[in-house]
Amino acid sequence: MENGVSRAAEIAQPVYDQLIMPGSSKDDEHQKKKKNGPKTPSRKPSKCLIVTTLCANWNGVALDEFAGCESNLAANRQTRMLADLALVGCYNKTYMPGAERDRIMLASAKRNLAAMSYFGLTEYQKISQYIFEETFNLRFAIPFEQHNTTVSTVTMNSLTPSQRARIDQLNALDLELYAFAKKLMFQRFERLKAKDNDFEVRFAHLGNLGVRSGVTEFNWDSNIDDMPSNEHH
């Protein structure tokens with residue numbers, strides 16, 4: 001990438017690289033737990049501590065058993081990792097009613113995501129690359145690769161309707177967060193596209209440094225307030 005080191009050093013805002021389709025994260029984690037067993041508890045770089053999963057040993061665990069564990073941290077993981085958990089008493093689920101906890105946590109995750117300079121979606125690699133390059137005034141030497149078939153998607157396609165419904169239920173917050181992220185990402189894409197006089201050439205040649213064109217600079221700080229208030233507050 002061009003000017004990557006010097007330009008990246010100037011970026012002060014946090015960057016969240018890739019969000020993945022809700023449900024696939026939980027299924028992917030089930031596959032890892034099934035194969036490797038539980039992880040060693042670790043500290044999270046925040047005011048909260050990651051708690052130990054209290055369910056049985058995960059070696060060879062079936063998906064239904066994995067989904068049935070009430071202390072399973074795979075459920076709504078993306079929402080939880082983006083939210084300020086101090087607002088909901090960290091991992092203490094008795095701190096407030098469950099519905100209130102979910103509402104606050106989701107609103108916090110949306111707000112934090114909207115404040116980030118950049119994020120992408122794994123299902124839209126080309127658009128994610130364009131947004132990244134235009135936001136940070138950088139150019140990648142190769143195009144982002146789009147992989148439409150993963151271990152998670154293959155496994156998700158093999159689930160029964162009841163299993164799929166259960167995973168969707170367990171990840172309801174992540175589903176809403178993903179819908180919000182997708183809408184926000186495409187809004188950013190359209191704004192950048194409208195400001196780029198060389199869009200057609202740029203978008204057709206992402207990852208090709210031989211194509212020189214004007215660079216669009218865009219500051220998301222001035223656009224956070226433009227988002228619908230009911231989307232991230």
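**Close-up 1. F186 is partly exposed, at 25% relative accessibility.** Partly exposed lies between buried, under 20% relative accessible area, and exposed, over 50% (1.4 Å probe, protein chains only). This is a predicted model: local features need pLDDT of at least 70, side-chain atom pairs count only at pLDDT 80 or more, and totals for chains, interfaces and linings use all residues. Residues are numbered from 1 along each chain as its sequence is written, and side-chain values use heavy atoms, leaving out hydrogens and water.

**Close-up 2. Aromatic pairs number 13 in the structure.** Y124 and F186 form one that is edge-to-face, with 5.1 Å centre to centre and 85 degrees between the planes. Rings of Phe, Tyr and Trp (its six-membered ring) pair if their centres lie within 6.5 Å; planes under 30 degrees apart are stacked, over 60 edge-to-face, the rest tilted. This pair links distant parts of the chain, 62 residues apart: Y124 is in the loop between strand 2 (118–121) and helix 6 (125–136), F186 in helix 9 (residues 172–195). Helices (H or I, at least four residues) and strands (E, at least two) are DSSP runs, numbered from the N terminus. Y124 is partly exposed, at 24% relative accessibility.

**Close-up 3. F189 and F203 form a tilted aromatic pair.** Their centres are 5.8 Å apart, with 50 degrees between the planes. F189 lies in helix 9 and F203 in helix 10 (residues 199–204), so the pair ties together parts 14 residues apart in sequence. F189 is buried at 6% relative accessibility. F203 is buried too, with a relative accessible area of 19%.

**Close-up 4. Ring pairs link Y124, Y130, F186, F189, F199 and F203 into a cluster.**
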